[in-house]
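Work through the exercises below with the sequence and the structure side by side, and try each task before reading its solution.

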Amino acid sequence: MKIGIVGLGYVGLPLAVAFAEAGHEVVGLDADSRKIESLGRGQSYIEDIPDSALAPLGERLRPTLRHADLASCEAMIVCVPTPLTGSREPDLTYLIDAANELARVLQSGQLVVLESTTYPGTTRERLAPILEESGLSTGADFNLAFSPERIDPGRTDYTVRTTPKLVGGLTEACSQRARELYELICDEVVVLSSPETAELAKLLENIFRSVNIAFVNELAQLCDRLGIDVWEVIDAASTKPFGFMRFDPGPGMGGHCLPIDPFYLAFKAREHDFYPEFIELAGKMNQAQPVFCVERIERALNDAGKPVKGSRILILGMSYKAGVGDIRESPALKIAALLRDLGGDVIYHDPHVPELPDMELASVELDEALAECDAAAIVTAHPSVDYEEVAARAPLVVDFRGVTRGIAAENLIRL
Ligand SMILES: NC(=O)c1ccc[n+]([C@@H]2O[C@H](COP(=O)([O-])OP(=O)(O)OC[C@H]3O[C@@H](n4cnc5c(N)ncnc54)[C@H](O)[C@@H]3O)[C@@H](O)[C@H]2O)c1
């Protein structure tokens, strides 16, 4: 098949590679010329896709900036960003721009699938009318479906092939074509009755995580008051083989999904005079967690007879999750900014984030930083860092990830 992928980011590029690896011809379109040039040189900009995965694809993955190149594709998959506006409402501008561009090249017989996470109704109410400006009609002339992306950057135990794929088409024929498309690269495709079901299933998955993370973060704050080790409590509860699912507390939520997607549903709910309290409460709790972390660092320094002002605080891990360099919505950024506001001399070490131009910071060498800092805060625990070494060398360590469990040291404080 010849497949077009619109938006070659964390979602689109792995998908493009999966289709090309399965022997299909892929036209990869992105609005960012730097990404297209990079792919043209055979260089990946996504950590999960090494350059060595691009080389054997040759002409099967054709990066382009030209929408006209999509006209000859049988199917086109849209993977553009769906962020929030400044006032935390869905920002569909990338999707609407992409849809307008697609409408200009849409051909009879093509299948369009939206993968970007969004509120129920987007595919039918927002995407379909724009595509129909082409003069073609949904279901009759072209097929349209929603299929949520479930990628978890950095994860290796589940791949595009082994993660079941949900699809929901506007008509039965739309669903059937989407099923056939994804069966080329996925072992299991689950067909749902509508795009709305697929859109909401994706939001349920993310909100489930957001609510549970908020709950354990709250528990961690309570354990701090009670003087109980939250990690031991969670380890203990996790021994129950049924009826309990483990979630770990941390410095707050980051990434492009969990801090954002739930508010897509909250927005849609409000349109129906419904106010989903779990979503708002979880969002509030998770957004406040970095503030709690700063207060915990402040207390730890205070116990050592030091104020935040003038203290050198080393943040370990700036990205939002271990093993990746994605800093979008990372709680570490918020912690760093709050510590700076208090007069702290913030430095950071992150092998995946060489520099932070907005904060005028660059990752420092770990050895030297451990010797020079007043406190080290483990915010994102990249596996390449030796935390025994951190505990042994830094004068004070505050661990928000529980990776120092099992290390006994006077200078060690855990969430
Ligand atoms: N990153 C994840 O882990 C993840 C997981 C599941 C779902 N999602 C969802 O997938 C969607 C994409 O997320 P992402 O992380 O890949 O974003 P991203 O920012 O990494 O990639 C999106 C790409 O789309 C391009 N783009 C923007 N407008 C365009 C246009 N009009 N035409 C062509 N290209 C355009 C951007 O230049 C960018 O390269 C979002 O809706 C997100 O919520 C992301």
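**Exercise 1.** Which residues make a nonpolar surface patch of about 340 Å²?

Solution. The model is a predicted one, and in it the patch is made by Leu222, Leu226, Ile228 and Val233. To place one of these residues, look at helix H7, which spans residues 195–226 and contains Leu222.

**Exercise 2.** Decide why Leu222 counts as partly exposed.

Solution. Begin with the relative accessibility of Leu222, which is 43%. Next, recall that buried means under 20% and exposed means over 50%, with partly exposed in between. Leu222 therefore counts as partly exposed, because its value is 43%.

**Exercise 3.** Describe the residues around the ligand, by class and by position.

Solution. Start with the 28 residues around the ligand, of which Val11, Asp30, Lys35, Thr82 and Thr117 come nearest. Then sort the shell by class, which gives 14 nonpolar, six polar and eight charged residues. Finally, turn to the helices: helix H4, residues 93–105, supplies three residues, the largest share of the shell.

**Exercise 4.** How far from an oxygen atom of the ligand is an N or O atom in the side chain of Thr82?

Solution. For the side chain of Thr82, the distance is 2.5 Å. Continue with Arg328, where an N or O atom of the side chain is 3.1 Å from an oxygen atom of the ligand.

How values were computed: Residues are numbered from 1 along each chain as its sequence is written. This is a predicted model: local features need pLDDT of at least 70, side-chain atom pairs count only at pLDDT 80 or more; totals for chains, interfaces and linings use all residues. Side-chain values use heavy atoms; hydrogens and water are left out. A residue is near a molecule or strand if one of its heavy atoms lies within 4 Å of it. A polar contact is a pair of N or O atoms within 3.5 Å; within protein, one must be able to donate a hydrogen and the other to accept it, and residues adjacent in sequence count only if both atoms are side-chain atoms. Helices (H or I, at least four residues) and strands (E, at least two) are DSSP runs, numbered from the N terminus. Ala, Val, Leu, Ile, Met, Phe, Trp, Tyr, Cys and Pro count as nonpolar, Asp, Glu, Lys and Arg as charged, and the others, Gly among them, as polar. Patches are made of residues with over 30% relative accessible area and no salt bridge: like charges are joined within 9 Å, nonpolar side chains (Val, Leu, Ile, Met, Phe, Trp, Tyr) within 5 Å. Accessible areas come from the Shrake-Rupley method with a 1.4 Å probe; for residues, only the protein chains shown count as cover. A salt bridge is a side-chain nitrogen of Lys or Arg within 4 Å of a carboxyl oxygen of Asp or Glu. Buried means under 20% relative accessible area, exposed over 50%, partly exposed in between (1.4 Å probe, protein chains only).
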